[in-house]
Amino acid sequence: FLVGDVVVANFSNELLEVKYVYPNRKIRVTDGLSGRTVVPKEIRPASIIELSANRRLTETEQALAEVS
C-alpha cells in the first residue's frame, strides 16, 4: 500500500485513506476524523464501485456488482 491509497477494512464500513506506512509494514489509516494502525491483512484496496458509492459494500452488494 502507498500513502494516499483508498482502502476498506474489515472493522469499518467507511472508506479509509493510507496516511503512513511504517518500516515494520504496519499501516496508519484514517477516515478523516480518527486514525488507526493496522496490519496489511486487515485492509484491501477499495473497488471502483465502492469509490463511487463512497462506502464499503456488503458481500451481497459486491457479488451483485460483479455480475452486472
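Student: What is the relative accessible area of Val21?
Tutor: The model is predicted: local features need pLDDT of at least 70, side-chain atom pairs count only at pLDDT 80 or more, and totals for chains, interfaces and linings use all residues. Residues are numbered from 1 along each chain as its sequence is written, and side-chain values use heavy atoms, leaving out hydrogens and water. Val21 is partly exposed, a class between buried (under 20% relative accessible area) and exposed (over 50%), with a 1.4 Å probe and protein chains only. The value for Val21 is 33%.

Student: Which strand holds Val21?
Tutor: Strands are DSSP runs of E, at least two residues, and helices are runs of H or I, at least four, numbered from the N terminus. Val21 belongs to strand β2.

Student: What is the order of the five strands in the open sheet?
Tutor: Two strands pair if DSSP finds at least two bridges between them. Here the pairing is antiparallel. The order is β4-β3-β2-β1-β5.

Student: Which are the edge strands?
Tutor: An edge strand here pairs on one side only. That holds for β4 (35–38) and β5 (43–45).

Student: How many residues lie between β1 and β2?
Tutor: Strand β1 covers residues 6–9, and strand β2 covers residues 16–21. They run antiparallel, joined by two bridges. Together they form a hairpin, and the residues between them number six.

Student: Is Glu50 buried or exposed?
Tutor: Glu50 sits in helix α1, residues 48–53. Its relative accessible area is 0%. So Glu50 is buried.

Student: What distance separates the side chain of Glu50 from the backbone nitrogen of Leu57?
Tutor: A polar contact is a pair of N or O atoms within 3.5 Å; within protein, one must be able to donate a hydrogen and the other to accept it, and residues adjacent in sequence count only if both atoms are side-chain atoms. On the Glu50 side, a polar side-chain atom is involved. The backbone nitrogen of Leu57 lies from that atom at 3.2 Å.
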